[in-house]
Amino acid sequence: QTLGPYCFQPTPFADVFVFMFTSNGANHLSGTGRNLNVGGALTSTAILSGASATISFNSILPPTGSGHSFMGSATISLATGTGPGRCETVNTTGGCGLGTAITMTMTACPPGALTDPPLDDAALAGKRLMDGSTRDPVQ
């Protein structure tokens, strides 16, 4: 059975992730999804333990632009939908860099989260993204 979609925002970054999970038995889940901001594919695992879920995730190079691969994990409270974590970006000090504290917060998935194209550069102007990519400010 597929569970989701579940959307999360990893502050202090503007990224929004959407995940779909399937059970691997016991308290283990595997997931796929995407970064709604840049369109990069995401893979994830989740382990449920007591009142929390530890979610790990990684993203390959985004299909276009100047971003980099990144990975992270967070322990999410099942009661509040939020929790602390950490992310790192591969081959750059931009974005998550060599290790940045994040707070993963469950958020409402926007309409079209599973099918619509990523946000355009104008919507992301001036925003800090996990993959270290930059967007030109709107002129």
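Buried means under 20% relative accessible area, exposed means over 50%, and partly exposed lies in between (1.4 Å probe, protein chains only). This is a predicted model, where local features need pLDDT of at least 70, side-chain atom pairs count only at pLDDT 80 or more, and totals for chains, interfaces and linings use all residues. Residues are numbered from 1 along each chain as its sequence is written, and side-chain values use heavy atoms, with hydrogens and water left out.

**Whole chain**

Start with the cartoon view. The protein has 1 helix and 8 strands. Their order along the sequence is β-β-β-β-β-β-β-β-α. Both kinds of element are DSSP runs, numbered from the N terminus: helices are H or I with at least four residues, strands are E with at least two. Of the 139 residues, 37% count as buried.

**Stop 1: Cys87 and Cys96**

Select Cys87 and Cys96. A disulfide joins them, S to S 1.9 Å; the term covers a pair of cysteine sulfur atoms within 2.5 Å. The link is left-handed, with -95 degrees about the S-S bond. Both Cys87 and Cys96 are buried.

A polar atom of the Thr100 side chain lies 2.6 Å from the backbone oxygen of Cys96. Thr100 sits in strand β8, residues 100-107. Its relative accessibility is 14%, so Thr100 counts as buried.

**Stop 2: Cys7 and Cys109**

Now select Cys7 and Cys109, joined by a disulfide with S to S 2.0 Å. The S-S torsion is about 115 degrees, so this disulfide is right-handed. Cys7 lies in strand β1 and Cys109 in the loop between β8 and α1 (121-124), so the pair ties together parts that are 102 residues apart in sequence. Cys7 is buried at 1% relative accessibility. Cys109 is partly exposed at 27%.

The structure holds 2 disulfides. Counting bonded cysteines along the chain, their pattern is 1-4, 2-3.

**Stop 3: the largest nonpolar core**

Select Phe17, Phe19, Phe57, Ile102, Met104 and Met130. Of the 18 residues in the largest nonpolar core, these touch the most other members. Such a core is a set of buried Ala, Val, Leu, Ile, Met, Phe, Trp, Tyr and Cys residues joined through side-chain atoms within 4.5 Å. The elements giving two or more residues to this core are β2 (17-23), β4 (41-49), β5 (52-59), β6 (70-77) and β8. Apart from it lies another core of 5 residues, including Cys7, Val16, Val18 and Ala113.

**Stop 4: the aromatic pairs**

Show the rings of Tyr6, Phe8, Phe17, Phe19, Phe21, Phe57 and Phe70. Ring pairs link these residues into a cluster. Rings of Phe, Tyr and Trp (its six-membered ring) pair if their centres lie within 6.5 Å; planes under 30 degrees apart count as stacked, over 60 as edge-to-face and the rest as tilted. The structure holds 7 aromatic pairs.

Zoom in on Phe8 and Phe19. Their ring centres are 6.2 Å apart and their planes stand at 55 degrees, so the pair is tilted. Phe8 lies in strand β1 (residues 2-11) and Phe19 in strand β2, so the pair ties together parts that are 11 residues apart in sequence. Phe8 is buried at 2% relative accessibility, and Phe19 is buried at 0%.

Move to Phe17 and Phe57. This aromatic pair is also tilted, 5.2 Å centre to centre with 55 degrees between the planes. It links distant parts of the chain: Phe17 in strand β2 and Phe57 in strand β5, 40 residues apart. Both Phe17 and Phe57 are buried.

Key
Polar contact = N/O pair within 3.5 Å; in protein donor to acceptor, adjacent residues only side chain to side chain.
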